[in-house]
Amino acid sequence: MHNQRGFTLLELMVAVAIVGILAAVAYPSYLGFITDSRRSDAQSALLSFASAMERFKSEQVTYAGAANGGGDTGAPAATVFPSQAPLSSNDKFYNLTIVSAASLGFTLRASPINGQVGDGFLEITSTGARRWDVNNDGDTNDAGENSW
């Protein structure tokens with residue numbers, strides 16, 4: 001009799017099945033982690049954007065006119081703040097916009113680009129109110145959507 005070495009087909013199939021089960025459990029968790037990380041980048045960018053709006057007001061005595069072309073809504077002027085987040089990466093996942101800007105207040109929004117992030121927009125106002133469209137229904141009127 002010879003001493004045979006190696007794995008049987010059954011042992012190999014069991015090992016592949018175990019790896020498959022582990023991957024099926026780990027991959028959704030990984031995607032959730034990526035989504036949370038991107039959302040944190042957008043939150044950080046919105047806070048920095050709000051600070052930039054405060055600097056703009058200190059120079060211009062109004063929040064109005066901070067958007068491209070001196071408008072009150074839309075993408076921020078390049079001299080005010082970048083229009084996409086994250087700021088420190090070539091891969092952008094959120095568009096940053098001014099929803100409204102007037103002499104006494106503003107609302108800023110970070111919207112997922114092409115649904116890449118998997119949830120709704122984030123907003124911050126000049127009063128510090130933070131909103132998140134958790135269920136991606138286009139508004140922040142639902143329970144639990146009045147904060148990040």
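Tutor: Contact here means heavy atoms within 4.5 Å. The model is predicted.

Student: What does isoleucine 98 touch, not counting residues up to four places away in sequence?

Tutor: Isoleucine 98 touches Phe49, Met53, Ala66, Ala67, Asp72, Thr73, Gly74, Pro76, Thr107 and Leu108.

Student: Which residues have the most contacts inside the largest nonpolar core?

Tutor: They are Leu46, Phe49, Met53, Val80, Leu96, Ile98 and Leu108, in a core of 26 residues. Helix 1 (9–60), strand 2 (94–101), strand 3 (106–112) and strand 4 each give two or more residues to this core. Helix 1 supplies the largest share, eight residues.

Student: Why is threonine 125 called buried?

Tutor: Its relative accessible area is 10%. Buried means under 20%, so threonine 125 qualifies. Threonine 125 belongs to strand 4 (residues 122–125).

Student: What makes the pairing of the side chains of threonine 125 and threonine 127 a polar contact?

Tutor: The two side chains are 2.8 Å apart in this contact, and the cut-off for such a pair of N or O atoms is within 3.5 Å.

Student: Why is valine 61 called exposed?

Tutor: Exposed means over 50% relative accessible area; valine 61 has 66%, and is therefore exposed. Valine 61 sits in the loop between helix 1 and strand 1.

Student: What is the phi of valine 61?

Tutor: Phi of valine 61 is near 65°, a positive value in a residue other than glycine. Most residues other than glycine have a negative phi.

Student: How do you know that the peptide bond from alanine 85 to proline 86 is cis?

Tutor: Omega of that bond is near 5°. Proline 86 lies in the loop between strand 1 (84–85) and strand 2.

Notes
Residues numbered from 1 in each chain as written. Predicted model: local features only at pLDDT ≥ 70, side-chain atom pairs only at ≥ 80, totals over all residues. Heavy atoms only, no water. Helix = DSSP H or I, 4+ residues; strand = E, 2+ residues; numbered from the N terminus. Buried < 20%, exposed > 50% of the residue type's maximum accessible area, 1.4 Å probe, protein only. Polar contact = N/O pair within 3.5 Å; in protein donor to acceptor, adjacent residues only side chain to side chain. Core = buried A, V, L, I, M, F, W, Y, C linked by side-chain atoms within 4.5 Å.
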